[in-house]
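Hi there,

Here is the structure I promised to pass on to you.

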Amino acid sequence: MLLNMVVLVILLNLFLEFAFFLNDQVTAKNNVFVPEAINEFESYRLFESNGMPLDNGKRTTYQLKWFDYTAYEQIVDERYAGAVLDEFFELAKLGFPYQPWVQFAEPSYNGKHVNVDCDSKGFPIRRTLNPQKEQSSVFRVFILGGSTTFGYNVSDGHTWPSFLSDILNQRLGSSGKKVQVEVMNYGRGFYFPSQETALLIDLFRSGHRPNLVIFMDGVNWGEKQDIPQYSKKIERAIHDLQVAPNLIESLKLLKNNLQWMPMLRLAGLMKHRFFKVTSQPGIDDKWDGDQSDFAKNVVVRFRENRKIAAQISALYGAKVLFFLQPDATYNYPINLYRLSLPDSFLKSRRWRQQFYNQIKKSPGALDFTGLFDLWGKNRKAIVDDVHYSPGFNRFLAGHVAEHIDLASLITESLNANDSEPAGASRRADCMAINSP
């Protein structure tokens, strides 16, 4: 019986391997780019007429469900948008690496359109298209926020921090000042104000000395306990390491080394197809029951983190701006989505209205929640369920720039704090741990 069982498993794996081989060959054939198709655009389609991506084997469940190419408004062609999605697919496969104090970060990644670099102190950072340095004086702008600031599903040059850099540097160029603006994008998926405040403290402690810090928040609230996204999983991992570290590590090693087996590959596909995937960003579906207390607590959370960030920034001689961002789950026109929205979305929208009604009454934050109306009530502003389109990112950057008094800020920043960093650079760790 044991022999028969072993033979059966081997035969089953051989059959599945042959089936996967045929499927991979067909997928690879369908994904081959034919140069002649450049002049025959209809023969090389990557999106349906309604903007839905065609599955070329490099699409996440999130992209297939939500991405809408029509929101690009033909700023780039299908091949460019498709290449961006390809790279975000590869980026998603890397997962989030661990980072001290803030729990996790975006992984380092080098692509043609999407890049996550390591800054001079070893922190992961989305590449921003700053001009080549030509002036000796640099005015540094640090931007913190969630995945909308990072710029999910758009290229490096189409994030709002990249557009902001262009706008501010053009303004300085026309003024004749011998100063350049360098914008650094520390936006990260899932980040909310508590996590961003911890990141800002770590940036200052490491030796970074920005002249201006900008927060763009509203979409991400964090967990009810005011803890980062993966706290419960890390809690279990720490427990396992203390209880049975050798056994746990051995099981993980065995699992990783057997991923190539066709049976396990099939199991992974079935899990991906029939069970809910929670590793991708998207509309919050945890809105059952009365969330009034949660909404009220988030208001306090935002206010308190704003106070802490302002005081820390002042300590190091940096100015700070807080923005309530355009939030699709709050007031983006429902008819502009390319598919019907789940009930959880409408539940979330109700509590977000309560949140914004309260947070707008507190001083200290600039309200951008009405920008969707200014952009155009029947004009698409997001490329999926929450993330901004290239055109809207440029529009948002223009409004941010209106609130930055460069002349005054440059004069005041001459007296910025230049105290020593508290520890060594993490650059080597960033490059080693996060690299693909």
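Helix α6 is mostly covered, with 11 of its 14 residues buried. Those buried positions are P193, S194, Q195, E196, T197, L199, L200, D202, L203, F204 and S206. They pack against β1 (98–99), β2 (103–104), β6, β8 and α10. From first C-alpha to last, α6 reaches 20 Å, close to the 20 Å expected at 1.5 Å a residue. Just after the helix, G207 takes a positive phi of about 115°.

Before going further, please keep in mind that this is a predicted model. The mean pLDDT of the protein is 86, and 82% of its residues reach 70 or more. Over residues 31–43, however, the pLDDT is below 50, and beyond near neighbours in sequence this stretch has 11 contacts in the model. Residues 276–280 also stay under 50, with 8 contacts beyond four places in sequence. Where pLDDT is low, the predicted coordinates should not be read in detail.

As for the overall picture, the protein has 16 helices and 10 strands. Of its 436 residues, 46% are buried. Among contacts with a separation of 6 or more, 78% are between residues 24 or more positions apart.

Back to α6 and its partner α10. How do their axes lie? They come within 9 Å and cross at roughly 10°. An angle under 35 degrees counts as roughly parallel, and α6 and α10 are therefore roughly parallel to each other. On the α6 side the meeting residues are P193, S194, T197, L200, I201 and F204, and on the α10 side they are R301, F302, N305, I308, A309, I312 and S313.

Helix α10 (residues 292–315) also packs with helix α12 (residues 343–359), at an angle of about 40° and with the axes 9 Å apart. That makes α10 oblique to α12. The contact involves S292, A295, K296, V298, V299, F302, R303 and R306 of α10, together with W351, Q354, F355, Q358 and I359 of α12. As for handedness, the crossing of α10 and α12 is right-handed.

The other helix I looked at is α5. What span should its 16 residues cover, and does the model agree or disagree? At 1.5 Å a residue, α5 (residues 160–175) should span 22 Å, and its end C-alpha atoms are 23 Å apart, which agrees. Its buried residues are W160, P161, S162, F163, L164, S165, L168, N169 and L172. These pack against β6 (137–145), α4 (147–150), β7 (179–185), β8 (212–217), α14 (390–401) and α15 (406–412). Just after α5, G176 takes a positive phi of about 85°.

Is V183 buried or exposed? V183 is buried, with a relative accessible area of 1%. Leaving aside residues up to four places away in sequence, V183 touches T128, N130, V141, I143, P161 and S165. For V183 and S165, the gap is 18 residues in sequence and 5.7 Å in space, C-alpha to C-alpha. S165 is itself among the buried residues of α5.

Best wishes

Definitions and conventions:
Residues are numbered from 1 along each chain as its sequence is written. This is a predicted model: local features need pLDDT of at least 70, side-chain atom pairs count only at pLDDT 80 or more; totals for chains, interfaces and linings use all residues. Side-chain values use heavy atoms; hydrogens and water are left out. pLDDT is the predictor's confidence in each residue, from 0 to 100. Contact means heavy atoms within 4.5 Å. Helices (H or I, at least four residues) and strands (E, at least two) are DSSP runs, numbered from the N terminus. The expected span of a helix is 1.5 Å times one less than its number of residues. Buried means under 20% relative accessible area, exposed over 50%, partly exposed in between (1.4 Å probe, protein chains only). Axes are lines fitted to C-alpha atoms, for helices over the stretch in contact, and angles run from 0 to 180 degrees between N-to-C directions. Angles under 35 degrees count as roughly parallel, over 145 as roughly antiparallel, 65 to 115 as roughly perpendicular and the rest as oblique. A crossing is left-handed if the near helix is turned anticlockwise from the far one by less than a right angle, and right-handed if clockwise.
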